[in-house]
Amino acid sequence: MQIVKKRNAEEKVKLVLTIIMSLISLVYIFPVAMVAINSFKKNTFVKTDTFAIPQGEMWAGFDNFNVGMTFGNYPFWKSVLFSVVITLLSVALILICTTMAAWYIARVNSIFCKIIYFTCVFSMVVPFQMVMFTLSKTADTLHLNTPWTIPIVYLGFGAGLAIFMFVGFVKAIPLEIEEAASIDGCGPVRTFFMIVIPMLKPTMVSVGILEIMWVWNDYLLPYLVLDLNEYRTIPIHIQYLKGSYGTVDLGATMALIFLSIIPVVVFYLIFQKQIIKGVAAGAVKG
Amino acid sequence: MDNTSTISTPSAPKKKRYKNSYKTTMRKWCWLFLGPVLIAFIIGFVWPFIWGIYLSLCKFRVVSETELVGFENYIKVFKDAGFMHAFWYTALFAVVSLVLINILAFMVALALTRGIKGSNLFRTVFFMPNLIGGIVLGYIWSMIFDGILSNFGTSILLDSKYGFWGLIILMCWQQIGYMMIIYIAGLQNIPDDMLEAAKIDGATSVQTLFKITIPNVMPSITICMFLSLTNGFKLFDQNLALTGGQPITMSPDGTIVKSTEMLALNIYTTFYGSNSGAQGTAQAKAVIFFILVAGLGLAQLAITRKKEVQQ
């Protein structure tokens with residue numbers, strides 16, 4: 001009897017929890033839903049009737065999207081393109097270069113390697129504001145202000161975390177496998193690409209996701225480094241909508257925010273498991 | 001055949017010699033493996049860092065004409081009312097957000113590890129805001145806050161209280177999901193028999209929580225507390241997009257103070273504001289900021305190391 005009662009009580013607790021969590025979920029989705037609703041609302045009503053469903057005279061159709069496309073004298077699709085280019089190039093460069101360096105550091109472990117490793121760990125605790133002024137001046141002097149060269153800056157500033165995580169992982173791989181390859185006549189370059197890289201793949205996915213989330217959403221670094229007349233990323237574009245013009249077209253801003261959230265949500269729903277795993281791994285180590 | 005058998009025998013000196021020869025072959029490729037990262041690391045971190053420290057000791061308008069002035073910039077920083085305000089404001093913000101985020105995230109994690117229906121769906125929803133960038137988040141929430149406040153004839157830009165709590169709500173919304181993931185990982189590592197034993201011994205659920213669950217997830221708690229603390233200190237994008245430091249107030253001695261401006265934004269506006277002569281001071285602020293954040297990071301490292309030894 002008692003067991004049955006206890007079980008019933010537990011079921012009740014679970015039901016209450018489910019209801020509470022559902023309500024919190026609604027609170028979580030609410031802001032994003034508001035963006036979607038307001039992107040179809042006429043500009044003048046966004047501020048006064050933020051939470052109303054757009055209908056009648058409030059309904060703007062796709063006007064906001066049309067206006068937003070060329071708002072601020074810069075086409076939105078170009079920002080999207082440059083965001084994609086910068087993110088893909090940077091993350092690819094970071095993954096290739098830091099795995100090579102991490103493998104070398106973990107295996108050779110000379111004093112020189114130790115110095116580099118220590119500097120990497122040190123760079124992880126340095127906030128961007130510390131180097132932003134001198135970094136943007138340096139990047140400017142070296143003409144790294146295009147989407148095709150800014151990955152070098154990202155590699156430099158973001159190498160710390162990646163090398164830290166990869167070195168930890170390489171040290172856990174038994175050396176015997178590489179020795180066997182070496183005895184079979186495999187040189188270091190081939191050993192690296194044929195043996196080490198496949199074993200590092202799960203960690204590469206985790207690190208890659210962390211770096212994608214960082215680079216895609218980063219605002220200040222590209223803002224300071226890129227030649228803004230030619231190249232903008234999505235966060236820069238959205239900041240420009242509000243920043244430099246007296247009157248703000250809130251409807252168009254919401255339309256662009258809506259457009260920029262869609263790919264992120266799709267990406268998240270597809271790679272959900274890897275993202276959550278990568279975040280947990282990165283947080284525990286960092 | 002002979003060859004393989006000699007290598008597989010675990011004789012220590014031979015193995016060591018072999019390892020060394022492996023290292024020597026690898027060393028020939030040193031520049032291929034280390035070169036790219038090294039060059040980028042010097043451009044993107046080492047040189048800017050050293051130059052930054054040097055510039056913090058200089059007076060300059062353009063970086064090509066610097067004049068070494070010692071610690072004059074640092075003295076100016078501590079006399080800067082805006083910076084001191086930003087420091088206390090940031091510290092308060094970091095502590096309040098740390099407490100709220102961690103308590104709420106822990107509660108959500110507890111609820112989601114009890115095997116309720118739809119746990120995975122809830123986890124997915126709660127984590128989602130982490131993927132949206134700070135600038136975009138700031139604009140989404142400024143629309144929502146202004147939508148509410150316009151009913152009362154005011155705006156988030158008009159009262160620093162709204163700005164503070166607005167930013168707290170935004171950060172909770174964004175970070176609870178992140179911390180929740182770390183707490184869930186910690187909670188799932190608690191051995192089931194330990195919880196069962198407590199149940200058999202007649203422990204109440206409150207006792208189980210404080211005597212078993214919390215001590216066992218202490219490592220996760222340490223990590224999350226430091227993460228939310230450093231996140232609070234380093235906050236920039238959300239601060240810029242939500243209020244941008246507004247409203248502006250006048251301090252008693254006549255200097256203008258942006259009442260919701262945090263440290264990172266204060267450094268940024270000092271660098272790129274109208275007064276180009278203040279860049280040396282800005283760099284000194286940046287160095288102080290770095291020491292603050294790095295100090296927090298090192299404290300975290302020391303504490304987690306200690307915990308590891310105990311285990």
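This is a predicted model: local features need pLDDT of at least 70, side-chain atom pairs count only at pLDDT 80 or more; totals for chains, interfaces and linings use all residues.
**Stop 1: the whole complex**

Show both chains. The predictor gives this complex an ipTM of 0.86. The pTM is 0.85.

**Stop 2: chain A**

Select chain A and switch to cartoon view. How many helices and strands are there? Chain A has 12 helices and zero strands. Chain A is more spread out than a compact globule, because its radius of gyration is 25 Å, well over the 19 Å that the globule rule gives for 286 residues.

Of the 286 residues, 44% are buried. Now think about contacts between residues at least 6 apart in sequence. In chain A, 75% of these join residues at least 24 apart.

**Stop 3: chain B**

Hide chain A and select chain B. Here you find 14 helices and four strands. The radius of gyration is 26 Å, while a compact globule of 311 residues would have one near 19 Å. The C-alpha trace spans about 85 × 65 × 30 Å along its principal axes. Buried residues account for 41% of chain B. Take its contacts between residues at least 6 apart in sequence: 74% of them join residues at least 24 apart.

Next, color by domain. Select residues 2–55 of chain B for domain 1, then 75–310 for domain 2. How far apart are the C-alpha centres of these two domains? They lie 39 Å apart.

**Stop 4: confidence in chain B**

Color chain B by pLDDT. The average is 82, and 90% of the residues score at least 70. Where is confidence lowest, and where is it highest? The lowest is helix α1 (residues 2–8) of chain B, with a mean of 43. The highest is helix α5 (residues 81–112) of chain B, at 91.

Zoom in on residues 1–12 of chain B. Their pLDDT stays under 50. For this stretch the model has one contact beyond four places in sequence.

**Stop 5: where the chains meet**

Bring chain A back. In this pairing, 73 residues of chain B are in contact with 71 residues of chain A. Several helices of chain B each supply at least two residues to the side that touches chain A, among them α2 (12–27), α8 (160–188) and α14 (279–310). Which helix gives the largest share? Select α3(B): 17 residues of that side come from α3(B).

Now color this side of chain B by residue class. You will see 55 nonpolar, 11 polar and seven charged residues.

**Stop 6: the largest nonpolar core**

In soluble globular proteins, nonpolar side chains tend to be buried together. The largest nonpolar core here has 157 residues. Select A:Ala101, A:Val153, B:Ala105, B:Met180 and B:Tyr183, which touch the most other members. Helix α7 (residues 150–172) of chain A gives the most to this core, with 16 residues. Both domains of chain B take part too: domain 1 (2–55) and domain 2 (75–310) each provide at least three residues.

**Stop 7: one residue up close**

Which residues is A:Ala101 in contact with? In chain A, find A:Ile163. In chain B, find B:Phe33, B:Leu34 and B:Val37.

Terms used:
Residues are numbered from 1 along each chain as its sequence is written. Chains are lettered from A and ligands numbered from 1 in the order in which they are written. The radius of gyration is taken over C-alpha atoms; the globule rule is 2.2 Å times the number of residues to the power 0.38. A residue is buried if 20 or more other C-beta atoms lie within 10 Å of its own, exposed if 12 or fewer, and partly exposed in between; C-beta atoms are placed from the backbone. Two residues are in contact if their C-beta atoms, placed from the backbone, lie within 7 Å. Ala, Val, Leu, Ile, Met, Phe, Trp, Tyr, Cys and Pro count as nonpolar, Asp, Glu, Lys and Arg as charged, and the others, Gly among them, as polar. A nonpolar core is a set of buried Ala, Val, Leu, Ile, Met, Phe, Trp, Tyr and Cys residues joined through C-beta atoms within 7 Å. Domain bounds come from an automatic or database domain assignment. pLDDT is the predictor's confidence in each residue, from 0 to 100.
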